[in-house]
Amino acid sequence: MPELVFFSGTMDCGKSTLALQIEHNRSARGLQGMIFSRDDRAGEGKLSSRLGLVTDAVEVEDGQDLYAYIVDHLSQGGRADYVIADEAQFLAPEQIDQLARVVDDLGLDVYAFGITTDFRSKLFPGSQRLVELADRVEVLQVEALCWCGARATHNARTIGGVMVVEGAQVVVGDVTHSADEVGYEVLCRRHHRRRMTSAAAHAAALSPDVLPVSSS
Ligand SMILES: [Zn+2]
């Protein structure tokens with residue numbers, strides 16, 4: 001039976017690496033995948049991992065019908081034996097419904113990879129819809145660690161190095177080094193709740209009020 005599988009996790013948990021591994025294993029068996037991505041760090045029309053591997057992908061647009069896209073592709077003599085959707089948290093809920101239809105009506109396996117929750121620890125709409133519709137949700141066992149050494153389960157956003165919990169859900173990190181530079185860091189839940197990033201922890205460790213105080 002074809003399946004819609006949601007591989008979920010935090011940033012840095014190796015989702016894209018697994019997506020590329022699945023694609024490699026299947027193409028080695030002569031199968032051809034339809035690969036969707038959106039806002040990949042390597043740029044438009046790419047699926048890349050932090051380990052430096054990259055493959056071409058179809059860049060998903062706002063309002064694009066993914067089911068219709070695949071039907072068009074097949075009707076023009078194209079081939080698709082399975083579907084990979086990376087950065088699936090950035091897809092609209094309707095696009096997740098379209099992927100479920102690809103499984104049910106076209107009989108293709110769909111493997112979606114995405115970050116579960118945003119920097120406010122709220123579900124991304126695309127990820128929520130995947131949790132609702134997927135035949136299977138695989139929570140990737142996180143290799144990423146918080147600065148304290150605990151398993152990093154939450155995504156933090158920083159602006160100019162300071163953790164924030166308000167703002168637009170999607171802001172792709174920029175590479176300029178301005179004072180309002182947006183960055184991301186994975187943290188354990190405890191330190192996410194305390195808004196304690198590695199920089200904040202380092203600053204606190206150096207602050208005089210936590211040094212031993214002599215009463216003499
Ligand atoms: Zn921690």
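Predicted model: local features only at pLDDT ≥ 70, side-chain atom pairs only at ≥ 80, totals over all residues.
Setting aside residues up to four places away in sequence, Val 110 touches Leu 4, Val 83, Ala 85, Leu 99, Val 102 and Val 103. Several of those names come back when we look at the core. The largest nonpolar core has 30 residues, and the ones touching the most other members are Val 110 itself, along with Phe 36, Val 83, Ala 85, Leu 99 and Ala 112. As for who supplies this core, two or more residues each come from S1, helix H1 (15–27), strand S2 (33–37), helix H2 (66–75), S6, H3 and S7. There's also a second, separate core of seven residues, and Cys 146, Ala 156, Met 163 and Leu 187 are among them.

Now over to helix H4, residues 125–133. Its buried residues are Gly 126, Ser 127, Arg 129 and Leu 130. They sit on the same side of H4, because the arc they cover around the axis is only 160 degrees.

Last stop, Glu 87. UniProt, in an unreviewed entry, lists Glu 87 under "active site". You'll find Glu 87 in the loop between strand S6 (82–85) and helix H3 (93–106). Is Glu 87 buried or exposed? It counts as buried, because it has 24 C-beta neighbours inside 10 Å, and the cut-off for buried is 20 or more. Leaving out neighbours within four places in sequence, Glu 87 is in contact with Ser 37, Arg 38, Asp 39, Asp 40 and Gly 114.

Key:
Residues numbered from 1 in each chain as written. UniProt positions renumbered as here; feature names shortened; annotations may be inferred. Helix = DSSP H or I, 4+ residues; strand = E, 2+ residues; numbered from the N terminus. Buried ≥ 20, exposed ≤ 12 C-beta atoms within 10 Å, placed from the backbone. Contact = placed C-beta atoms within 7 Å. Arc of directions from axis to C-beta. Core = buried A, V, L, I, M, F, W, Y, C linked by C-beta atoms within 7 Å.
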